[in-house]
Amino acid sequence: RRTVSVTEHISNILQNLGGVYSDPPRVVRDSANLLSSPSGCNLQPSTSSLYENDGNYTPAVLLFSGTVAMIYKGNTYNIPVDMYLPPGYPVRAPVCFVRPVAGMEIKSKHKHVGSDGMIYAPYLNSWTPHGCSLAALTRIMSNIFSASPPVFSKPAASTANGNGGASAAARPNGEAERRRIEQEVREANEAVSAVRGVVEQERRLEEQIQREFEEEEKRRIEREIAEANAAAEAARRADEEERQQEEAIRRQKEQEERMRIEREIAEANAAAEAARRAEEEERRREEEKRRREEEERRKIVEARSTLTSKVQEHLRANNETCRKEISSDLKDQKRLDLGSSQLVSQISELKKVQKHLLSLHKNIDNAAAIMESDMNALGSVPEPTIDELAIPCDIHSEQMLQLSAKMQA
């Protein structure tokens with residue numbers, strides 16, 4: 001149940017971080033394993049900014065802060081550490097720092113911890129995404145700290161030494177003061193000698209611990225090499241067995257493939273023979289079809305030639321008949337055109353004559369009206385006939401008078 005809650009907590013933190021990590025499931029899995037391991041159970045996940053030595057800055061990354069236990073001189077101590085997961089994790093190694101609390105200082109010239117608290121371990125330098133884990137890193141950090149503690153308590157004697165120096169600098173007068181100063185100097189020298197002895201003892205102890213750690217590391221490496229050799233031998237045997245099995249499977253597959261190819265060849269030969277026969281039959285049918293089409297084309301050509309001759313003969317006869325009819329129609333057309341021209345000319349002449357006659361008729365009517373008026377005036381004078389009145393004076397007038405009489409009638 002705790003593992004599930006830790007996993008959910010890490011997942012919620014990653015969701016708040018957004019897309020910082022390219023493989024969130026791997027980060028969640030490694031974090032859960034770290035927090036459930038004995039060496040990483042005192043760490044707590046959170047988020048924080050990451051400033052790296054190369055100048056890179058990330059506003060928010062996953063941070064595990066807390067303590068890692070170490071065993072020194074039979075006693076267990078908790079070393080405060082911060083473990084950052086950079087954006088490139090798990091390809092990139094974590095960035096780890098020792099964070100000394102008040103009253104503690106980082107040991108100078110430590111083999112695996114810098115003056116800024118950054119941890120430099122061979123495990124981090126050889127970090128691989130598939131062969132390394134956060135839980136294993138905390139175990140190695142615990143071993144490194146146990147072999148050589150990275151921090152120590154600030155000595156209280158430093159303050160006293162500073163005060164003694166200040167008193168000596170004041171150079172007070174008086175014998176008592178001089179004896180007191182000499183006593184303080186002797187005590188300081190004794191304290192320095194004691195500190196040197198402690199430091200030398202600590203150095204020898206560290207060297208012994210380092211040798212023991214190196215021997216233990218050597219034995220561990222030898223065990224790992226032996227285990228790796230045994231695993232390699234087992235893997236070689238397994239590979240040999242697998243190779244033999246693969247060889248047997250390969251031979252069986254080759255046999256099956258050869259039989260399949262032989263069946264396919266037999267089927268292909270049968271299909272080729274059937275295709276050849278079908279092609280021969282198709283060629284025979286094509287040849288028969290070609291002969292029939294050739295015969296039909298010959299008959300069509302003969303029929304077309306005969307029909308063409310008949311049509312040409314009919315067209316020649318029809319052409320001659322049409323030519324004669326057209327010639328006769330052209331002659332009739334010429335006569336009609338000539339008669340039409342004459343008729344138009346005559347009609348024009350008649351219209352002119354009609355116009356002239358109408359003019360004469362009007363003049364005659366006017367003259368008749370005058371004569372009637374005169375006759376009414378005369379009274380007793382007998383009315384002359386029209387024949388007496390209209391006496392032509394020439395042949396042309398006589399013809400016009402006759403035409404007018406016909407038109408009047």
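**A friendly note on the predicted model**

1. You will find lysine 73 in the loop between strand 2 and strand 3. Its phi is positive, about 55°, although lysine 73 is not a glycine. That deserves a second look, because most residues other than glycine have a negative phi.

2. Where does lysine 109 sit? Its place is the loop between strand 5 (104-106) and helix 3. Lysine 109 is exposed, with a relative accessible area of 85%.

3. The peptide bond running from tyrosine 89 to proline 90 is cis, and its omega is near 10°. Most peptide bonds are trans. Proline 90 belongs to the loop that lies between strand 3 and strand 4.

4. Now step back to the whole chain. How many helices and strands does the protein have? There are eight helices and six strands. In sequence order they follow the pattern α-α-β-β-β-β-β-α-α-β-α-α-α-α. The protein has 409 residues, and 20% of them count as buried. Among contacts with a separation of 6 or more, 52% are between residues 24 or more positions apart.

5. Next, the inside. The largest nonpolar core has 46 residues, and the ones touching the most other members are Tyr21, Phe64, Met141 and Phe145. Several elements each supply at least two residues of this core, including helix 1 (2-17), helix 2 (24-35), strand 1 (43-51) and helix 4 (134-147). Which element gives the largest share? That is strand 2, with seven residues.

6. Setting aside neighbours within four places in sequence, phenylalanine 64 is in contact with Ile10, Ser31, Leu34, Leu35, Leu43, Gln44, Pro45, Val81, Asp82, Met83, Leu85 and Leu134. Three of these partners, Ser31, Leu34 and Leu35, are also among the buried residues of helix 2.

7. The buried residues of helix 2 are Arg26, Val27, Val28, Asp30, Ser31, Ala32, Leu34 and Leu35.

8. Is each face of strand 4 covered or open? Both are covered: Val95 and Phe97 are buried on one side, and Cys96 and Val98 are buried on the other. Strand 4 pairs with strand 3 in the antiparallel sense, over four bridges. Within strand 4, phenylalanine 97 is the bridge partner of aspartate 82, a residue that is also in contact with phenylalanine 64.

9. Finally, look for empty space. Rolling a probe the size of a water molecule over the atoms shows where such space is left. The structure holds one cavity of 30 Å³ or more. About 30 Å³ of space lies in the largest cavity. What lines the largest cavity? The lining residues are Leu14, Leu17, Gly18, Val20, Tyr21 and Pro24. You have met Tyr21 already, as one of the core residues that touch the most other members.

Definitions and conventions: Residues numbered from 1 in each chain as written. Predicted model: local features only at pLDDT ≥ 70, side-chain atom pairs only at ≥ 80, totals over all residues. Heavy atoms only, no water. Core = buried A, V, L, I, M, F, W, Y, C linked by side-chain atoms within 4.5 Å. Buried < 20%, exposed > 50% of the residue type's maximum accessible area, 1.4 Å probe, protein only. Contact = heavy atoms within 4.5 Å. Pairing = 2+ DSSP bridges. 1 Å grid on protein atoms, 1.4 Å probe; cavity = no way out; pocket = protein on both sides within 12 Å on 5 of 7 lines; lining within 4 Å. Points joined across faces, edges and corners; volume = space filled by probe spheres on them.
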